[in-house]
Each structure stands twice: as C-alpha cells, then as structure tokens.
Amino acid sequence: MLSLSNVHVHIGKLHILQGVDFDVGTGEAIALLGRNGVGKTTTLRAIMGLARKSAGAIVFDGKDLARCAPHEVPRRGIGYVPQGRGIFPNLTVLENLNIGLPGRRDALREEYVFGCFLRLKERLRQSGGTLSGGEQQMLAIARCLMMRPRLIILDEPTEGIMPRLVSQIRREIRRINESGVSILLVEQNLETALRLCPRVLLMEKGTIVFSGAAQELRSQPQIAHRYLGVSK
Ligand SMILES: Nc1ncnc2c1ncn2[C@@H]1O[C@H](COP(=O)(O)OP(=O)(O)OP(=O)(O)O)[C@@H](O)[C@H]1O
Ligand SMILES: [Mg+2]
C-alpha cells in the first residue's frame, strides 16, 4: 500500500536520505530501526510531505504523494505520530483529540478511541500539558486514530516512557494493527520492534541496509549488533 523507491532528501548541503527503498503491505506491521541520526525521522517526514525529496517516488494506494500538500496526506489515510508527541499542552484532552477534524464531533469515533485508551477517558477535561509522558503519547496516537487512518506511522512511541505504560502502548499498537491498520514503527528498542513487527528494516547512513523477518534478527544477533550496536 505504501512504496518508497530510491528516495533522496538533501537538507542544505547534507545528503540525508541516499536512496531509500521499501514497501509496507496492507495490514502489515513493519519496524524501521537504526542508530541515532541515520535518517529514520527524515524518512517519515518525507512520507508525510514534511521533508522535500530531491529524487525518488513515494506512492500510497497507487497514487504519488508528491502532488499532495502536507495537510492532505493524513486525509489520504496516513496517520503520523511524530517523535516527541506534539500535542497541545494548553488544550484539554478532548480538544486535542478533535483538533484538525472538520465539521461536527464524531461521537462514535470518540467512543471507540476512548475505548482503546481508558486512561484518557478519565482525563477528558485535563489539559494536555499536565498528562504524564506516556499519557501524552497515548493522546497523540488517539488523535491520529480519529482520522480513521489505514496506515499509522509512529516515531519512537515508547521513548522515555515508564515501563508500565510502555507495555500498555505496545498492546494498543498491536490492537490497532489487528483491527486492520498497517503500522510503520520507528523504534530504538529492538525488543519492542521484534515483538510488534514481523518484518524489520535496518537503516544506516540514509539507506536501508537490511530488510527481513524479525525471526532472522532473533536467530542472527550479529546483524543487529552490526547495525544497531546492541547484542540481543
Ligand atoms: N532540518 C534539518 N537541518 C539540518 N540537519 C538535519 C535536519 N533534519 C535532520 N537533519 C540531520 O539529518 C540526519 C538524520 O536525522 P533524523 O532525524 O532523520 O535521524 P534519526 O534516525 O531519526 O535519529 P534519532 O534516532 O536520533 O531520532 C541527522 O544528522 C540530522 O542532524
Ligand atoms: Mg528520529
């Protein structure tokens, strides 16, 4: 459903993405891993039209996203939860949830989303900035779900979050995927990635250097060690 071919991004004189190729299939959950600064976030931003590509193609459901303005990409069915969450601290949970949605409130959808995140339901009128880090992450995911995406892109959703909420967020991501939504997950945590995603991409210096089954990384720890510097 999403396909990147030979995507290049230059920022100033820096050649950040140097030919990125991968596909995400319908209903698939796929992880993108790599050390700090290799270009993971830039890849996601390129998909969302927030980083301008200098070459290559990004196609979603058969349509080239190049002709899409950044605000149109979510309407095409791609939800994006950026690194560092990006919720509005001075708006309430409910206001954050509905921001950017046109027209009347979608009560049915709200109910569904709060059903996923009961912690948020108990905090409807609390301002976003007073939520814990993990709750803010849930709110960012919940807001994304309001748009009924077919693919959700998450940039390090469990970064800096306490373990108890990490497992809750993991569970929700799995449930979202089981409901038929495709997932593209950028992760630092190899274990989280392997648990949620049957297929894994490893990135180094702006290109994909490994694409394979999570099982392969489990059985060949030297691959992860080489590209991530971890011994799993
Ligand atoms: N707007 C920008 N201006 C200048 N350099 C940038 C910009 N955005 C990204 N870069 C550089 O591009 C490289 C890739 O950044 P990116 O954020 O994609 O890395 P990342 O893989 O997401 O890293 P992390 O794991 O730390 O989040 C980095 O060296 C970064 O400094
Ligand atoms: Mg990043």
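View 1. The model is predicted: local features need pLDDT of at least 70 and side-chain atom pairs pLDDT 80 or more, whereas totals for chains, interfaces and linings use all residues. Residues are numbered from 1 along each chain as its sequence is written, and chains are lettered from A and ligands numbered from 1 in the order in which they are written.

**View 2. Packing of helices H4 and H6.** H4 (residues 107-116) and H6 (residues 133-146) pack at an angle of about 150°, their axes 10 Å apart; axes are lines fitted to C-alpha atoms over the stretch in contact, and angles run from 0 to 180 degrees between N-to-C directions. The two helices are therefore roughly antiparallel (an angle over 145 degrees). Arg-109, Val-113 and Cys-116 of H4 make the contact with Ala-142, Leu-145 and Met-146 of H6, contact meaning C-beta atoms, placed from the backbone, within 7 Å.

View 3. E1 (residues 2-11) runs antiparallel to E4 (residues 53-60), joined by six bridges; strands pair if DSSP finds at least two bridges between them. Leu-4 lies opposite Ile-58 of E4. E4 also forms a hairpin with E5, with two residues between the strands, and Asp-61 in the turn has a positive phi of about 50°. Phe-60 has Lys-63 in E5 as its bridge partner.

Notes. Helix = DSSP H or I, 4+ residues; strand = E, 2+ residues; numbered from the N terminus. Parallel < 35°, antiparallel > 145°, perpendicular 65-115°, else oblique. Contact = placed C-beta atoms within 7 Å.
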